Amino acid sequence: MAPRKLGIPLAVVMGAGLAFTLFPIFWLVMTAIKPPIDWNASPAVWLPSCPTFINFLTLFDPDAIREYGVGGVSQSATAAVFGSILASVASTCISVCIGLFSAIGISRYSKGSRSTPLVILSGRMFPPAAIAVPFVIIFSTVSLIDSYVGLIAVYVAVTLPFSTWMLKSFVDDLPREIEEAAMLDGMTRVKAHLTVTIPLIKGGLFSTTMLVFILNWSEFMFALVLSYSNISTIPVQLSKYVTATAGTLYGVQAALAVLAMLPLVAGGFLIQGHLARGMTFGAIKQ
Amino acid sequence: MGKKNAISIGRMFTTPGQLVSLLVLVMPLAVAFYMSFTDWTPTRGSLAQAEFVGLENYRELLVWDTRFLEAIGRTLALSAICLCLEFLLGLGLAVLFMRSFRGKRALLSAFLTPMMVLPVVVGYTFWMLFQTNGPVNQVLQLLGMAGPEWFKDSTLAFAAVVITEVWHWTPLFFLILLSGLNAVPENPIRAAVILGANPRQVFWHVVLPMLRPVIVVAFVIRTMEVIKLFDEVFMLTRGGPGSSTETISLYIYKLAFNDFQLSYGAAAAFMVLVGSLLLVHLLLTPIKDQLMEDRH
């Protein structure tokens, strides 16, 4: 059956939906290139009177904004950007590596895992605020608090169910016969997995890595409670501009928000085809 | 290469993951569980010396703590409202995407964008949009309405949270429902048409029932996310005015990290965990058999 065409009334409905979807992003990007005078103008200014990159510069050089007569940006965001990159990249690599082996192990060697969907779902359900309490207590006794090692450990543990079950769904899609054929040719099981299974799920591996990266890069609460002064991430830095004593630094904050958003939006488009599977822990396959 | 060999390889592959989960998830949870039966706060020395108070924390929460009970009710109400709106909007959009039109791929990407934005950024962006002199009020004025102060009125602040959540997560419903619609087999639809069903009947009586498992999965996943909702509300309202937008996660966070009532907060967290386990179990019951069939 050929699908019906979209008529004009429905196209208008869709256009309205598109406007609702894109307007907040438009506003954020516009604020990021507004000079201080437009930041909180009354009535609100939709398009910057003279677009500028000063907000982005201020992120890395707090004094840059003084030329517009605004002072009091106390902290550069350099440390937060560096911290976010370090914590997300390291924890994503570790989580996906461990998850990959768990996925092969569970998919190929374990039997009684019928109740898995419920188990995974419940693992994701515990409010982070609740796990954060014991983390802070345990980490402060082994001096892992306010350190990247501690933060990375938390991120690995929190995203591990995610990478395991998403990768498992990709391994499940692969017929066992392929590995068995390789073993008949004299390969050991381990070698068959390393040289046959893993290359065949490359695409899934890439999508999983991107999704886990998105999760780690976006994480806010653990970073908030586990960081004092040594470590910082972009989301934590972002929440701090609201309380800055110099009033709210709308433009600078928006600039950091745009920087934080760019890699995710780009990455999200790359893995669009696997997004549904990832967000549902492999329960829905596209 | 016997069976034994295979089992030991399987074990070897799964051990690192289990170790990490044990060390970094199970252990802290066990500590928190023990803690919830004590009256420990950081000012009272080490956890080992804390006094065991049995179910006292739990009793206090259920009997006396109206703020806790309100936060639970509010979180449930928020889930119900957001999920219904997200489901209806997502379903509508997914049905539109089953029609043919130009630029479908590009539009699909555009509609999925909100999902990719960091929750903290979403919170900040909507905080700007709902400022008293912000663009939302400007549009309302154009329509002849006085722009309210969104964050000073409890109903409006709650509405702002709902709108933010709906904007952020409708794309997920849309995506899940679209992949569900694309997977609906054509034969039952053809059969229904031959038997004289009109398009509306086909949709309600043939297509929608086949989407049921997909819909349940979407609802379960979003319910879990709303129970954990923290980032957006933290940026938007910090739970205010008063505690009128305080979600259960935000309340537990405040208990533990603003008031340092750690053992009390742990008890609250465990009640939420048990409650949400039951809730998800109930939600999954109708499709449990189907989920297991899918996993051969």
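Two residues are in contact here if their C-beta atoms, placed from the backbone, lie within 7 Å. With that in hand, here are some close-ups of this predicted model.

**View 1. The contact between chain A and chain B.** Welcome to the place where the two chains meet: chain B brings 81 residues to the contact, and chain A brings 81 residues too. On the side of chain B that touches chain A, the most comes from helix α1 (residues 3-35) of chain B, which gives 16 residues. That side of chain B is made up of 61 nonpolar, 15 polar and 5 charged residues.

**View 2. Chain A as a whole.** Of the 286 residues in chain A, 48% are buried.

**View 3. The largest nonpolar core and Val154(A).** This core holds 154 residues, and the members that touch the most others are Val154(A) and Ala268(B). Helix α7 (residues 148-173) of chain A supplies the largest share of the core, with 15 residues. As background, nonpolar side chains tend to be buried together in soluble globular proteins. Zoom in on Val154(A) and, setting aside neighbours within four places in sequence, you will find it in contact with Phe135(A), Phe222(A), Leu226(A) and, from the other chain, Val24(B).

**View 4. Helix α4 of chain B and its kink.** Follow α4(B) along to Ala110(B), where there is a kink of about 25°, shortly before the proline Pro114(B). The end C-alpha atoms of this helix (residues 104-116) are 19 Å apart, which agrees with the 18 Å that its 13 residues should span at 1.5 Å a residue. Pro114(B) is also one of the buried residues of α4(B), along with Phe111(B), Leu112(B), Met115(B) and Met116(B). Those buried residues pack against helices of both chains: α1 (8-32), α13 (250-270) and α14 (275-279) of chain A, and α3 (66-96) and α7 (154-182) of chain B.

**View 5. Glu56(B) and its surroundings.** You can find Glu56(B) in helix α2 (residues 56-63) of chain B. Glu56(B) counts as partly exposed because it has 17 C-beta neighbours inside 10 Å, whereas a buried residue would need 20 or more. Phe260(B) lies 204 residues away from Glu56(B) along the chain, and the C-alpha atoms of the two are separated by 17 Å.

Notes: Residues are numbered from 1 along each chain as its sequence is written. Chains are lettered from A and ligands numbered from 1 in the order in which they are written. This is a predicted model: local features need pLDDT of at least 70, side-chain atom pairs count only at pLDDT 80 or more; totals for chains, interfaces and linings use all residues. Helices (H or I, at least four residues) and strands (E, at least two) are DSSP runs, numbered from the N terminus. Ala, Val, Leu, Ile, Met, Phe, Trp, Tyr, Cys and Pro count as nonpolar, Asp, Glu, Lys and Arg as charged, and the others, Gly among them, as polar. A residue is buried if 20 or more other C-beta atoms lie within 10 Å of its own, exposed if 12 or fewer, and partly exposed in between; C-beta atoms are placed from the backbone. The expected span of a helix is 1.5 Å times one less than its number of residues. The bend at a residue is the angle between axes fitted to the seven residues ending there and the seven starting there. A nonpolar core is a set of buried Ala, Val, Leu, Ile, Met, Phe, Trp, Tyr and Cys residues joined through C-beta atoms within 7 Å.
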